[in-house]
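Please open the model in a viewer and keep the selection panel at hand.

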Amino acid sequence: MTFHPSTSEVLELAVEAGERWWGGSVDDGLSMPFGARPFARDLAAPREPLGPSNQSAPVLLSTRGAGGVVGAAVRVLLRGRCPAAVGGAASRSAGRAARCARLSCRPRGASSRRPGGPPARALFSGPQYNTWIEHPYTPTQDGVLRFARDLLEGGMPPGVVLIDDLWAEDYGTWRFDRARFPDPAAMVAELHALGCSVMVWVVPFVSPDSAVFRELEGRGLLLRDAAGETAIRRWWNGFSATLDLTHPGAVAWITGRLDALVEETGIDGFKFDAGDVRDYRAGDRTAEPAEPVDLCEAWARVGLRYPYNEFRACWRMGGQPLVQRLQDKPPLWGPSGIGSLIPEMLAQGMIGHPFVCPDMIGGGEIGSVSAQGATDQEFFVRYAQIAALSPIMQFSVLPTRVLDPVHLAAVRDALAVRASLLPRILDLVDHAAATGEPIVRPMAYHAAGSDDDSADVTDQFFLGPDLIVAPVIAQGATARTVVLPEGRWRADDGTVLEGPAQVTVPCDLTRLPRFERLPAG
């Protein structure tokens, strides 16, 4: 393997037989670990218009302890089944596992963590409830309160209520629309009394030809295109100008607006949407020199101010106390839907983002969810089981509206499993804040040797070092195969198994298979 730190210097690193690699873009999680087939990705290039976008980082990590932080602009290639990166450096650690590489790899930004640790604890200790699917583009004060009451009256635990798009007067104003939210402070107070925290959705966009647009354009705080004109970009909700977040004045303006909203209404934080690399162009004019990836990173840095946060697109920022959600998923069995959740969460963790969320349970891709009509109840249950032992569990569809008593009971069983393991999850959250280690980890994370065949297993994961989670992701499945590493393992049904082994376990609708490592001897 060859890394090219500059055009004049080449660092070569031998690739071992059977070695596998992680890194680059979460969008490519289904292709990871790299090494089984050729692959190429230009990380710094914007994706197709309105196409998928998630977290990316110029990082490569090996199942054999090698790690590399590549430069700013990056072309990650697999030549002859071996990864290479233009513009970086790499080293092979003394250890022999992917964990060694993850711990030795610190992208820029990873060492500066928020004093006090991870994002707000409430983001992990209870579910998140996003209004997006039940109230798409139509949130109102009465609707949000009814949404929360329906959840709690249906037996769901209190959590974080996230008010999604179109709560504000316009993009860029970031004040509640008083026609639909006549008393937002009273609404927030009532939600707090119910035991729920409150977040609202924001983007770095400003509606053109608005009073805010004219103010910001006059102050030079908006992104300009290559011709020097204010850039108007198409995104999924139309056309907008974009804040130039390389300008300190633009950062001060947006944080001032958000701080004022917190002060006036009592909300707890923000879902920071958009800011994708695709929203920017290489020739854009900015206050400080910046590439599209730098502008994506600048939006993420705004979120560091708020312990309650969520991002769906991010460049670099590994090790920072930022919640990272997967791209909106369609309600589909297979690799386009539920089959992508575990591979992409593993990719998130390996590039430095431990505080991951597998999108909204049942899928958050609004067009697909709406077009599907009746909910596939088995799919909803299996999705909830994956989310239950992920760092963050987010609902948007009301379970009591779409599930019959049998499937609703299965979701409640998944919530009970999470509750029983919540102390472990919260300990892992704290550990991740201190070390940058993933919470959801690949099977090869702790040990991968020449006789180990777990590196390519991506439909199960380690939750911390001692618990293997093997959710069901196949429609109609009543059993699944689980790969167990060396050691003694106690299954959730009490069975004790010896590894290394491949075992087939029964999986009725309510079972979420998991295996805890037992002490040797």
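**The nonpolar cores**

Begin with the largest nonpolar core, which has 77 residues; within it, Phe395 and Leu463 have the most contacts. A nonpolar core is a set of buried Ala, Val, Leu, Ile, Met, Phe, Trp, Tyr and Cys residues joined through side-chain atoms within 4.5 Å. Buried denotes under 20% relative accessible area, exposed over 50%, and partly exposed in between, with a 1.4 Å probe and protein chains only. Next, colour H12, which gives the most to this core, with 14 residues. Helices (H or I, at least four residues) and strands (E, at least two) are DSSP runs numbered from the N terminus.

Now select phenylalanine 395 and display its surroundings. Leaving aside neighbours within four places in sequence, phenylalanine 395 is in contact with Pro127, Gln128, Tyr129, Asn130, Met156, Ile361, Phe380, Val411 and Leu415; contact means heavy atoms within 4.5 Å. A second, separate core of 49 residues can then be selected through Val144, Ile163, Val206 and Phe311, which are among its members. In soluble globular proteins, nonpolar side chains tend to be buried together.

**Basis of the model**

The model is predicted: local features need pLDDT of at least 70, side-chain atom pairs count only at pLDDT 80 or more, and totals for chains, interfaces and linings use all residues. Residues are numbered from 1 along each chain as its sequence is written, and side-chain values use heavy atoms, with hydrogens and water left out.

**The whole chain**

Zoom out to view the protein, which has 12 helices and 27 strands. Of its 521 residues, 60% are buried. Among contacts with a separation of 6 or more, 70% are between residues 24 or more positions apart. The protein exposes about 18600 Å², of which carbon and sulfur atoms supply 52%; accessible areas come from the Shrake-Rupley method with a 1.4 Å probe, and for residues only the protein chains shown count as cover.

**An open sheet**

Select the six strands that form an open, antiparallel sheet in the order E22-E23-E24-E27-E25-E26. Its edge strands are E22 (440-441) and E26 (496-506), each of which pairs on one side only. Two strands pair if DSSP finds at least two bridges between them. Strand E25 (residues 479-491) runs antiparallel to E26, and 10 bridges join them. Here, tryptophan 489 stands opposite leucine 497 in E26.

**Salt bridges**

Finally, display the charged side chains: the structure holds 27 salt bridges. The term denotes a side-chain nitrogen of Lys or Arg within 4 Å of a carboxyl oxygen of Asp or Glu.

- Select arginine 121 and aspartate 430, whose closest N and O atoms are 3.0 Å apart in a salt bridge. Arginine 121 lies in the loop between helix H1 (98-104) and helix H2 (122-125) and aspartate 430 in helix H12 (residues 405-435), so the pair ties together parts 309 residues apart in sequence.
- Move to arginine 401 and glutamate 134, which meet in a salt bridge (3.0 Å, N to O). Arginine 401 is in helix H11 (residues 399-402), and glutamate 134 is in the loop between strand E10 (128-130) and helix H3 (141-153), 267 residues apart. Arginine 401 is exposed at 52% relative accessible area, whereas glutamate 134 is buried at 18%.
- Continue to arginine 424 and glutamate 516, a salt bridge with its closest N and O atoms 2.9 Å apart. Arginine 424 is in helix H12 and glutamate 516 in strand E27 (residues 514-518), 92 residues apart.
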